[in-house]
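Hi,

Here is the structure I promised to hand over. My notes on what turned up in it follow below.

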Amino acid sequence: STAMGSFLLGKWLHMPLYSVPLCSAVVDVAIQDYVADVASELIYQNKSPMSTEVLFVFPLYPQMSIYSFQACSEDTKVQVMLQDEAQQIHEATGCWEYLEYLQDHSRCPGEVFACFLGTLAPGRELVVTLRYVQELSREPDGAARFVLPHTLHPYTKLYSEACTLPNTLFLLAAWNHLDSQLPYSLLLTASLQSPRGVANVQANCSLTPLIYMAQDHSTAQVSLTGSPPRHHDLELLVYFGEPSAVSAVVEKGDLGAPPGSLLGESMVLVTLAPSIPEAVPGKRQSGELIFLLDTTFLEHAQHTSRPACYVFPQDCLLFLLKSLPLGVYFNIYCYEAASVGIYPQSVEYTQGNLIEAMRRIPSTSSSLDDTNLLGTLRSVYSTPRPHGHARQLFIFMTGLPADTEAIAAEVCRHRNSHRCFSFCFSEDSAALATALARETDGEATYIPSNNSMTAVVLQCLKRALKPAAEVVSLSWTLPHGLEVEVLGGTPQSIFQGQHIFLYAQIHGQAEDTMVAKGIMTLQCSLDGEDVTHTIEFPLCSQGDGRLVGHRLAARFLLQRLLPEAAGGSGDEPRHRAVEISLTSGIICPFTSYVGIHTSQRVTWYQGPLALLAPWQSRVPCQIVELRGSCKDSSCFPVTIWVPPGWLTAVRESWLALRRLTCSTAAVPQWGSCSKACKTLPSSVSSLKFVDPTAFALCSPIFLPWSTEAIAECQKLVALQREDGSWALSSGLASVLEVDEAEIKRKMPGEVTEPSIWATVLAVTWLQRPDKCYQDHCELLMAKAMTWLCSQAVSQLDKCLEAANNLLGSSRKANIFRL
């Protein structure tokens, strides 16, 4: 069997690559403020003289969920449905090794929807209907940005070449045309709606003029004219009326849904985007920053074989603490079996507190094999947050902590009270780091061994120090009998550059049906001042019956329920998740897609059955996470043309090789209904759909000199005081490699405070053009310059001239301009 498998696989590798062109695509987009519902119909034609076996794969972009899929070819139809996995639906389903093969052999990372569609005969057509909902990104100028997925707009062969599977095997949707002319037609229509009015639409293609469907310009329509753009994404930017800090759109529920259910009641789609001014570098700021250190860092720092970037306490923590601005609160937790903070609760950033914190950091770990991140998080959440200070956690993980599901559930439970910046140093903890950041709208970073940890963390600290609207609250004024429930609650802070989507369900029945408006009020604190934004919104439906808001609200609730269910919170979260999933059509780990043939014929050509046994009516269909390594995470459609049965033979030979090389003797044969093959694991992980591969590829890359630059300036950084100044001392003279007496002798006579002269020397030394300290010391220097400008503006020119003479540099006075 091994020889036969090798022969078949080798024969397969030399099969020619052909194309199945996408003949036409009809795409109907409904954009309602910052959410979209997309309905598409794709027609593919087999123009080859050979039949081909078809697996349709659709890449899932961020914030996207499919809720309807079907494929038809004359007398055969495959309809995808959601069912409860508890019903053991996989026992009657076609074998899932096709999807496993796709998963293991793809070069394209990311989550995709995959469905096997059988065999397409020569000259036959395949019509695919796909519908999905998606939250849209909000541009800084307030525009909603919509991008048409590659599968619906196959504009160039670049992606197909990048994403061709090694040992190629599957159709990934349907196009690999090598001609420069686009071989298909695209009909795109976009319906636009907002109570603020639709002001304008911009695109990188030709569009018809806006056609307004209402006198108040609240609804409009636009269509594609001419050819779609080549070699680029097709993008739409939709501009609404005057951008505002808050917006609210009401979407009526489904009349056929049970009263009181998620789909049966009206939903308010809320967008919060208050205008937050830029912070002045080096000035006092608000905020609470808590650092959670895996104490194995401390032990690894003692091992000479460990890369230098892992020497955590000696450089990274020093730079982190020294870079904090005045006015913030901070604390440090070294999590292990007994999780305690350096301070009982966060303290204000002062020189005394900084020195005491550095003194209390342990030099080694006392329990390397028993890190207790869960206990540390619970300890953090039990401490009060300083009023008016947004909380942010910096979590460092060398490996995968225990109780990952409980950790994810704990962070999710407190998601509205803080933001997480998570850092991991191994692939096994990447999924957890990503999940923690995603739940709190933070950031996750993978730090490979050849990068500078300090440089990576400082870049994240700069983003964390962006100002925030704090003490955020929402209040509602509605007709008597109605009340609003914000699903998932309201975040307590909104950071600069963030736009927050909320889904609020309206319960009850209005006593006065003549009152057709509601009022929503956003209150927050900006730089210590109370700010109020009020908006009046109509209670009548603003949607078109497509329930885009309800489905996205279902997606949001499923994400919230999953950590609770996986964390052992009883059966109620699971039952609730299954109910929401089945009624909304949005998949969750407790439900499964099932492709069902709705006719007796299971092939689309006259000839031998290729993949499905005659008695089978169900086909492989599932969400698959591709484990590829290609930088482009968009899986572009490609296809292989083969005679019927070739794909089956290759899969069988692959399984035979796996049994021999991996000792998986129990791998079932094709057509077997073995429960071991068909059923999914009974335990469900909240990290199931996290894509750590794509996350790792987003990690920043730094040049090798990063670690050397940090080592050179580390001693100088250690001498800086919390206000940004340096004292004139022998330590400073040693770092500058200048005699202390010489430094004192060259101090300008106009200077009355030696710290001014010392700080100018330090800043000048750090700004040497032949060195690369700026990325690491930007925040430190901003504090120093702020302190200098507040102390001695008139003395700076003289001090700089003397510093240049002493250090042999040629810096100009503009280095002190913030």
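How much accessible surface does the protein chain have, and what share of it belongs to carbon and sulfur atoms? The accessible surface comes to about 32,900 Å², with 51% belonging to carbon and sulfur atoms; areas were computed by the Shrake-Rupley method with a 1.4 Å probe, and for residues only the protein chains shown count as cover.

Before the details, a word on conventions. This is a predicted model, in which local features need pLDDT of at least 70 and side-chain atom pairs count only at pLDDT 80 or more, while totals for chains, interfaces and linings use all residues. Residues are numbered from 1 along each chain as its sequence is written, and side-chain values use heavy atoms, with hydrogens and water left out.

**The chain as a whole**

The protein chain has 21 helices and 31 strands. These are DSSP runs numbered from the N terminus, with helices being H or I of at least four residues and strands being E of at least two. Of the 818 residues in the chain, 57% are buried; buried means under 20% relative accessible area, exposed means over 50%, and partly exposed is in between (1.4 Å probe, protein chains only). Among contacts (heavy atoms within 4.5 Å) with a separation of 6 or more, 77% join residues 24 or more positions apart.

**Cavities**

The structure holds 5 cavities of 30 Å³ or more. A cavity here is a set of points, on a 1 Å grid over the protein atoms alone, where a 1.4 Å probe fits but cannot get out, and its lining residues have an atom within 4 Å of a point. Grid points are joined across faces, edges and corners, and a volume is the space filled by probe spheres set on the points. The largest cavity holds about 60 Å³ of space. Its lining is made up of Gln-32, Asp-33, Tyr-34, Val-35, Leu-269, Val-270, Thr-271, Phe-501, Leu-502 and Tyr-503. Two or more of the lining residues come from each of the elements β16 (267–272) and β26 (500–508). By class, the lining divides into 7 nonpolar, 2 polar and 1 charged.

Ile-407 sits in helix α8 (residues 404–413) and counts as buried because its relative accessibility is 0%. Leaving aside residues up to four places away in sequence, Ile-407 touches Leu-373, Leu-374, Leu-377, Pro-401, Ala-402, Leu-432 and Leu-436. The C-alpha atom of Ile-407 is also 8.7 Å from that of Pro-563, although the two are 156 residues apart along the chain.

In helix α9 (residues 430–439), 9 of the 10 residues are buried, so the helix is largely enclosed by the rest of the structure.

Helix α12 (residues 572–584) has 13 residues and should span 18 Å at 1.5 Å a residue, which agrees with the 18 Å between its end C-alpha atoms; the expected span is 1.5 Å times one less than the number of residues. Its buried residues are Pro-573, Ala-577, Val-578, Ile-580, Ser-581 and Ser-584. After α12 comes Gly-585, with a positive phi near 85°.

Most residues other than glycine have a negative phi. Asp-441 is not a glycine, yet has a positive phi of about 60°. Asp-441 lies in the loop between α9 and β22 (443–446) and, at 41% relative accessibility, is partly exposed. Glu-737 likewise has a positive phi, near 60°. Glu-737 belongs to the loop between α17 (730–736) and α18 (740–745), and its relative accessibility of 75% makes it exposed.

**Two exposed loop residues**

Arg-284, in the loop between β16 and β17 (288–294), is exposed with a relative accessible area of 57%. Beyond residues up to four places away in sequence, Arg-284 touches Leu-326, Gly-327 and Glu-348.

Thr-513, in the loop between β26 and β27 (517–526), is exposed at 63%.

Happy browsing!

Conventions:
1 Å grid on protein atoms, 1.4 Å probe; cavity = no way out; pocket = protein on both sides within 12 Å on 5 of 7 lines; lining within 4 Å. Nonpolar A, V, L, I, M, F, W, Y, C, P; charged D, E, K, R; others polar.
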